[in-house]
Amino acid sequence: MDDTDPYASIYAPHASCSVLVVPVGPIRTRAFKAALQLLRSCSPVALQDLTPTLGGPAGDVRSEFTAPTFPNGRLRFQFVSEYDDEYSTLEEFHASRRILAVIGILHCSPSPSAPQDLEHAVAAFTHHTLPKFTSALVTKCIAFAPQDYAPDRSVNLGANTTWIAAQPNQPETAYAPVQAVVADIATRLLEGFHDIATAIAVRSLIHSPPASALGSASPLGPDALVAGGTATGSSTATGGSPNSPLAMGTAALASAMQQTTASMMQSNEQKLRKRAPGRAAKLVADLLLLAGKLPAAIDKYLEAMDAAKANTDTLWLAASMDGLYTAMLTLRALMPRAHDELPSLPLIVREWLKAAGVPEVDIKFREVIGLYERADAPVLAAHVALRVAPILIGGLGSGPPRLVPGHSRMDALALVTQAMANAVADCISPRTQLDLSLRAAALCARLGFARKQAMCLTLAVRAMIAVLTQATTARIDPLTQYHVMDRLANLYGLLTVDVVGWPNVQTLVLDVCIQLADAVEDPGALTRLIVRCFQRLQSMLSMDGMLDIVARLQRASKGGMSMGEGAPTARQFGFLKEMTIVPPPPDLIVHKRPSTSASTEKDPFLYSAFSSKSTATPATTTLVATEPIAFTVHLINPFQFAVTLESLSLLAAPDDSSGLVPDPITITLPAMATHVAVTLRGTPTHPGTLKLAGIAFYIFGVREQCTFGVDAILAPTSSLSSSNSRPHSPTTTSATTSAMATLDFVVIPALPLVRVRPAGAAHRHLMLLAGQQSRDLALHLTNTSPSSLPVTCLAVQ
């Protein structure tokens, strides 16, 4: 799709042939994406480069596909790697929704077992994949192989496989052969269109799509007979005899109703036969639009519109008008001066092509939307509204909206709102609602309406829940689930730093997120998101609401996969109140004698009123590497229910250099507990600076943490309190403080032990006699440290 063309959102979906690209055998994701991108670069294909083999008498519309008419035409492809059969019942009504070709991508390797593997892979593609797509007119298998790879002659991959001696990521070498394959597919599609048009021309009855596909409120559908059923039952059910006047009247009434029903069915069939030529013209026009035969498609659409108006066929009139203006916009994108270069076009078409701008296109497609709504087809009305809305903001580009003169963002929003009003009908399937809601949310984001985007995302999540709970075979990418809920939570202010949003709606979003986690198979990522939202909304929930959410969180965490140590964390739970170090034993405390200046004069007075009191400096605790340490942690529980903290341990800051190895424990905090003291231990393994940031734990299967608040940096270095509980926090803090508040301790290398073995008298003491000045003393020292230890001085006391 060309994002630079503002009308591409209208004509590209309906003027492109859908081609499904699937992997054949094992293939790397990067190689498959490269092959898919290579195929997309080959679209569109010029009709003048094709050589169909079929022909027919001049003027026969069935030969229009293969005749060399309108050589300026282009056959557009839409190569997709996924297929959703949600709109399979609309494939005949809109040929662009039909998978017209299936291409398999085979990546060959020069391994010895490759030939047998290739045969098995191609056989699986032929016998298992292709039968699922009976609507495909063309099937092809492309085998990419290295240039030096020579396939074994005994390997038979079938005539439907094309070898390309290049890698998918080598476009300069692989482009030409892939382009030839795409051209061959285009030629075979034209021949297939010829066969389909031939079959359509001989049909005497053409039915509309079922009511379920249109989202119609009536379960009978647009072509169903609107009449009462026949009266059945015996005359004895009235309670009288068969010859009674009441019984005879009932039988006559039943006979009359049967005759009336038969007459109405016959009349309805006649009406369908009368509408068949106009409907056939519309179906053939769709094929001509896909084939790139735009002038012929315009003529057929005009013919179908005239027939639909004459027979009051509202649904098919809307579809014919949709196709007509789509074909004209496609023609103008291909030939900007088509009104002058194609004099064979009807005068009304040439005048519209010459003068029509965005306002005229908007008006015409709003008429189409109105006709679809009158025909009770809200799904089709919503699709058209979402196709038209981008033209009012400059197309489908990713930049800011480029508003068309005379239109505002509200005009585009009105179309999106109209689409969502049609999408929320009860008769529309959840998968269709999911598709429409996500498209509407993307447009609201482009327009800058956050609340409207959030509303559309909420509807999308509810539809997603319905899809996952109702359809057991349906699968939705877990990444899509998480991205939708993450975006929704951010829009409603659940994950932002500032407290914004609407509390009632935020609680609703949390409930929707939990419902989605209950429905998915792997709620791991969603559980993390739920916990973050729950932390933000815990003050807004009642006790019953908190208990309910906790139970659902526990159920989700048990059913999901483990979060792992690398899971993201968030400081939001208010469990940590204060942390204080437990002093080590006296024999392990490192003592350092303070240095004193010799020139300092001693004050002769014990007390002086003119001198300031000396304040005692708190002793700094120095830790020793490889020696265990302990901290007393004071916890609180702000919830009205008991909470179990698993793997509770000390949390080191990211810039910690001591290599702290914590010893985790598990503890249960009572409901509304105001003070629970626990001892957490750990061991610094390297000398440096130990920086404690708080505590870490698992709650509901999710790894979380509680860190010290930034304003608590002013607290003493021996203990810090969390920002979640600040009974004595300062009233003002420095605005420039941005670092994480930590408890810092110096960790020194492990100290060797010097043991002195005493020698002397029997009582093992060394004595000096009265008047003795000195005595020889022999000391034997043993160094138990692995490294050398200098001894500068020994003192004997």
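H94 is found in the loop between β3 and β4. Helices (H or I, at least four residues) and strands (E, at least two) are DSSP runs, numbered from the N terminus. The model is predicted: local features need pLDDT of at least 70 and side-chain atom pairs count only at pLDDT 80 or more, while totals for chains, interfaces and linings use all residues. Residues are numbered from 1 along each chain as its sequence is written, and side-chain values use heavy atoms, with hydrogens and water left out.

- Leaving aside neighbours within four places in sequence, H94 is in contact with H14, K282, D286, Y372 and L380 (contact means heavy atoms within 4.5 Å).

**The six-stranded sheet**

- Six strands form an open sheet of mixed pairing, in the order β2-β3-β1-β4-β5-β6 (two strands pair if DSSP finds at least two bridges between them).
- The edges are taken by β2 (45-46) and β6 (161-164), each with a single partner strand, so one side of each is left without a neighbour in the sheet.
- Helix α4 (residues 171-201) packs on the sheet and touches β1 (16-24), β2, β3 (74-80), β4, β5 and β6.
- The direction of α4 makes about 170 degrees with that of β5 (axes are lines fitted to C-alpha atoms, for helices over the stretch in contact, and angles run from 0 to 180 degrees between N-to-C directions).
- Strands β4 (residues 99-107) and β5 (residues 138-144) pair in the parallel sense over seven bridges, with A101 opposite V138 in β5.

**Helices α12 and α14**

- Helix α12 (residues 378-388) packs on helix α14 (residues 430-447) at an angle of about 20 degrees, their axes being 11 Å apart.
- That makes α12 roughly parallel to α14 (angles under 35 degrees count as roughly parallel).
- From α12, the contact uses V379, A382, H383, L386 and R387; from α14, T432, D435, L436, R439, A440 and L443.

**Pairings of β10**

- Strand β10 (residues 643-652) pairs with strand β12 (residues 665-669) in the antiparallel sense over four bridges, and the bridge partner of V643 in β12 is L669.
- β10 also pairs with strand β14 (residues 688-699), in the antiparallel sense over five bridges, and E646 has Y698 in β14 as its bridge partner.

Terms used: Parallel < 35°, antiparallel > 145°, perpendicular 65-115°, else oblique.
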